[in-house]
Number of protein chains: 4
Amino acid sequence: MTKPIRCGMVGGGEGAFIGGVHRAAMRLDGLWDLQAASLCSDPDRSLASAEAISIDRGYGTWQEMLDAEVGQLDCITVVTPNDSHAEIATAALDKGFHVMLDKPMTRTLAEAELLAAVAAESDRNLFVTYTYAGYPMVRKAAEIVASGAIGAVRTVSAEYRQGWLATAVEKEGQKQASWRTDPSRSGAGALGDIGCHAEFMVRFVSGLAIEQVRGDVRTLIEGRSVDDHAAVQLRLTDDIPGDMVVSQVCTGERNDVNIRIWGDSGSIAWSHERCDQLVHTDADASQHILHRGDSRVPIGHPEGFVEAFANIYAEAAKCMRGTDARVPDYRDGLAGIQFIDAVLRSAESGQWVEV
Amino acid sequence: MTKPIRCGMVGGGEGAFIGGVHRAAMRLDGLWDLQAASLCSDPDRSLASAEAISIDRGYGTWQEMLDAEVGQLDCITVVTPNDSHAEIATAALDKGFHVMLDKPMTRTLAEAELLAAVAAESDRNLFVTYTYAGYPMVRKAAEIVASGAIGAVRTVSAEYRQGWLATAVEKEGQKQASWRTDPSRSGAGALGDIGCHAEFMVRFVSGLAIEQVRGDVRTLIEGRSVDDHAAVQLRLTDDIPGDMVVSQVCTGERNDVNIRIWGDSGSIAWSHERCDQLVHTDADASQHILHRGDSRVPIGHPEGFVEAFANIYAEAAKCMRGTDARVPDYRDGLAGIQFIDAVLRSAESGQWVEV
Amino acid sequence: MTKPIRCGMVGGGEGAFIGGVHRAAMRLDGLWDLQAASLCSDPDRSLASAEAISIDRGYGTWQEMLDAEVGQLDCITVVTPNDSHAEIATAALDKGFHVMLDKPMTRTLAEAELLAAVAAESDRNLFVTYTYAGYPMVRKAAEIVASGAIGAVRTVSAEYRQGWLATAVEKEGQKQASWRTDPSRSGAGALGDIGCHAEFMVRFVSGLAIEQVRGDVRTLIEGRSVDDHAAVQLRLTDDIPGDMVVSQVCTGERNDVNIRIWGDSGSIAWSHERCDQLVHTDADASQHILHRGDSRVPIGHPEGFVEAFANIYAEAAKCMRGTDARVPDYRDGLAGIQFIDAVLRSAESGQWVEV
Amino acid sequence: MTKPIRCGMVGGGEGAFIGGVHRAAMRLDGLWDLQAASLCSDPDRSLASAEAISIDRGYGTWQEMLDAEVGQLDCITVVTPNDSHAEIATAALDKGFHVMLDKPMTRTLAEAELLAAVAAESDRNLFVTYTYAGYPMVRKAAEIVASGAIGAVRTVSAEYRQGWLATAVEKEGQKQASWRTDPSRSGAGALGDIGCHAEFMVRFVSGLAIEQVRGDVRTLIEGRSVDDHAAVQLRLTDDIPGDMVVSQVCTGERNDVNIRIWGDSGSIAWSHERCDQLVHTDADASQHILHRGDSRVPIGHPEGFVEAFANIYAEAAKCMRGTDARVPDYRDGLAGIQFIDAVLRSAESGQWVEV
């Protein structure tokens, strides 16, 4: 058997959410081996955290880890708040590591452009964990659209609504909320945190570029410093219209992510809530429900979010070994930041703006 | 038993769709009696049509019917193409008939303003058949929002997507399509035909006004003379944001009408596809599915579109007899036309415009 | 236009449920004209009831109506409790009326056999309102099975669960409950009231006969005199297995009726809750959702229970005019009673019994 | 951090399905460490298999592994075909290992009784992987029933339908099918493979015992040597009725597992297809959809089959460390085999039989 990819993690200590998902995803298929980590910005807590979760080689700082692990690790997973993404990823690429970077790629457009330039020059991969690309039925949707089965794309609709920021939990010490609503750490708010997922899905499934946007961007919770709700009109390649809503203040929403694409001869629709299926509708309105087939588990046995994440890790492992695989990379990461930036500019100017 | 309301119909002859629904709705509960009609613009076909569907007193023209039936009919139902709504409804009110007018109220804003002025002066009712107000669970949704059960409204999303105009069927002689895509008869396209339904639902369920709009309005089928697809950003009372999409070119869509409203403490969601239920979600994400209770048929026995229509007729009968009932009227009709006009103006100017 | 069928009604006065549905169904399409009625067993209330709902010719007793209306009515609709079905239907056929009889056909098997013999000899039709045969997608299901599209039938599952008798409402004066739980009026309980619907659907959709049954029949509400819950194993034509549950004591169930049939190469599934659609599954597990097409209202506009009923009336009108149409008739009615009887016998003997 | 449980596996080599699920479940949370294995009955393939999937210590035979690993492993996972369960599990317990045994517990009732006796005497745990007990919302359902929130249980319905044996795939060399349809290896067919899941869910969620059964047990595929379809009537504690269908020949079914329980004051319903939710219905028919809350991933992020399995492993780890946790054990395993045996006896005798 091929040896697992040797991995080190930056960020993802106590109170974090996505670090644990990355670790579970790495473990699930046995294709990755998390050997080293610098889990917190505080060196002592970083070492303690690594021990607490049984990581072999804990480090006080990510700089120490990168220095010490050259040649011993293949990849660095970065799950820190957005403001340190660029610096850490750049350093890791520079030292010859592949990088698995949590979205959004960076805090600012300037950082994204610089990082993308570094990545483009590097012979290492910079992956961005746009989770939804890991769902088999999202991939199937993209294949169906690409196959021409729904005809030329006519319009696209994407939605990502959550409710967890429906009140000012950042003022109650909720750690996830506090950095995400601090523009000095996150950049944008809902647009940065989940808008980039919606943006990626639109491009990934439709195969089109988002060329212009016009957003109505809001901060609905009084006193919050970032956007938490946005409705965005889209102009895709060839002036194809699209609509998108991203919100983190839709009270009671769990995590409603969905995408629908209508073409000249039919449509496809995918919703996160029923992630293992895909609805393909014909022009005559008959609907075909396609189900995920045999995978880690047979057809009819549900897979979920961790599995989607693990699919991205599995594909990334292939890429790192030279096999062609479609894993979101620095170009996708940059596109996401460009999108966020354009929506914010359009909100300021009240005009359509180029992405 | 109270005698049925005596009714005459204008329009709704062969090849029409909504005329038959009005007739079925009138028959369903036995509260209305369609006694007279002028079903077509052609006098001979009009008489033949009336005979073919066993209407007692057929007329060649609506003018003849109005003249002859004063005192014999209580109400005139108008189901002609939009361009004749204003003239017929005005004449009917002038002669002392109540009017049941199919939506949209008129073809143009100028007509709507004039007709609304006439209706405001009249002691007769002018009802507009915004069908969705007739669904018990849409009414229930409005009650829930009004009760404060979801808290202050935070955002609203409405969608109305159809696929029947996904190709240029108007060029193949489809009668429904041909007048609806002829701006001289319909005014607007999708915005006029179904946008006004979406607009009414937003106001009816949220209890808010739509104050500003910014629409991305498209004609996606080449050679068509009216809009067939629009994404609209909304600013409701107190700057509450909303989003809306109306389209008649979403290939394969049957008739996807839905509305969702999020408040500070929960949300409600209604979809036409499951018209007999309503989802009420709490802030903690638990969902409560409310079902239509006993009605014409007991709970658990589906009702549909004709029943919703019949509910409007039943409520209208109450109004005509002096009982207070919420039936869409000339103010709602005017609001619909103002909305359509504003969206079209915003599409031209590229700016937010006042409704 | 063809003249409507002239109809008289027996039963269906105040406090009844199904009489009102029959009347609405008759009105919906304008194909039937309810001209006369004897709505209650009490002559005075019968006359008053007829006047209250504006029926032209009220009668104190059904005998009077039958005597007086020979030649003036085409059909008698019978919606009395089960114990009078046989006598009234026999008399109506004898006098030359067609009969529309609510299910179940009779109270006892002996009555059913006699009535079926009378109907077989008569040149008039005896229809039985097995409502579910009126749903377009149930008909479509039967067509799909008959077409061979799912291959040879392998197994059948039918379920009809309600909750309205989950408590002893018959002791609180609920009129619907009181006769239905009185064996001297109803015959069987849940088996009689809804078991016959399930039985008919199995035969109607599968095209197979139910040859043997083995039921576990229960009275779950203490003090009730009839069955209110039954699980039944079925042996259909060629020993094909089936399973069925009918219950009126499943607390909180609205009216859960569904049927699924698996064949060698696929399956169909229909559920009352989404009556306008049908799921057709292939052997490879891909599902196709078929939707009711244009009907009284276009595709995507829901129809419901009254419409299903009206479809039976419409088909019956065709039959009465000599056109071939599949309307449940005395043979279906007899099969239902034979089924009920067989299930009850099997419950007593603890053995499989022939239907 | 507590050290992971050290585990060895018997069975689960190439072509097996459930072995891989056990391994993924062990890895997912990092609480288990699979260190040794004897994956196949053939020693050479066993060693090669262990190497292929990077297990540290491969063995040619399970006997060698048990002998060599005393003191080095905490637990033996047994995922062989049913006929070797008893022997391996007994030997493992005897040598002081805990045992994680795939369902059904054994091939025969005699074996189950002996193994249960051994387990009862042992100070080691014998766990049985009844997967569905690992789903959070199945656990929640059991809690709701136990809390009295639906009142006294009135009736139970369970269903487990698959389609993968809808044709004689065992004759085409499908390895999973071939031992499962060979009574000398599997014991029963569908009843053994999935009937025990349905049986466990009924007991687990209702909290009741299954006291009597009456099954209609079939072999619908010609030439097959085991049952592949069964409808079973149940008598639970206090004569509460239940109904169950298990089938592996329902063409096109993916893996339809569901359970519904009605009590005096409401009901609960769970379906595998939407495993992260639970429907709780009140007596007034309003439905409450409960969603899985934060877990490995936050609310709204789907979990699936592997996660359910991992939950069982996590609970088992707690048990092994002395914390009280509800993991299916030898008593549950024995109950499953007793149930299968009783259903088969009832099919032979045509009578209700005691479980």
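In this predicted model, 45 residues of chain B are in contact with 45 residues of chain A, contact meaning heavy atoms within 4.5 Å. Local features need pLDDT of at least 70 and side-chain atom pairs pLDDT 80 or more, while totals for chains, interfaces and linings use all residues. Residues are numbered from 1 along each chain as its sequence is written, chains are lettered from A and ligands numbered from 1 in the order in which they are written, and side-chain values use heavy atoms, without hydrogens and water.

**Chain B against chain A**

Chain B can be laid on chain A with an RMSD of 0.0 Å by a turn of 180° and a shift of 0.0 Å along the axis; the two copies are thus related as by a two-fold rotation axis. The superposition is by least squares on the C-alpha atoms of residues with pLDDT of at least 70 in both copies. Gln351(B) is the residue of chain B that comes closest to the rotation axis, at 3.8 Å (C-alpha). Both copies use the same surface, as 100% of the contact residues of chain B recur in chain A.

The two interfaces are set out below. Buried area is the accessible area (1.4 Å probe) that two parts lose on being put together, summed over both. A salt bridge is a side-chain nitrogen of Lys or Arg within 4 Å of a carboxyl oxygen of Asp or Glu.

| Interface | Buried area | Salt bridges |
|---|---|---|
| Chain B and chain A | about 3200 Å² | eight salt bridges |
| Chain C and chain A | about 660 Å² | zero salt bridges |

In the interface of chain B and chain A, carbon and sulfur atoms give 43% of the buried area. Arg154(B), Thr251(B) and Trp262(B) supply 20% of the area that chain B buries there, more than any other three residues. A salt bridge joins Arg260(B) to Asp256(A), with the closest N and O atoms 3.8 Å apart.

**Chain C against chain A**

Seven residues from chain C and seven residues from chain A make up this contact. Strand E14 (residues 287-291) of chain A pairs with strand E14 (residues 287-291) of chain C in the antiparallel sense over three bridges. Strands are DSSP runs (E, at least two residues) numbered from the N terminus, and two strands pair if DSSP finds at least two bridges between them. His288(C) in E14(C) is the bridge partner of His288(A).

Key:
Helices (H or I, at least four residues) and strands (E, at least two) are DSSP runs, numbered from the N terminus.
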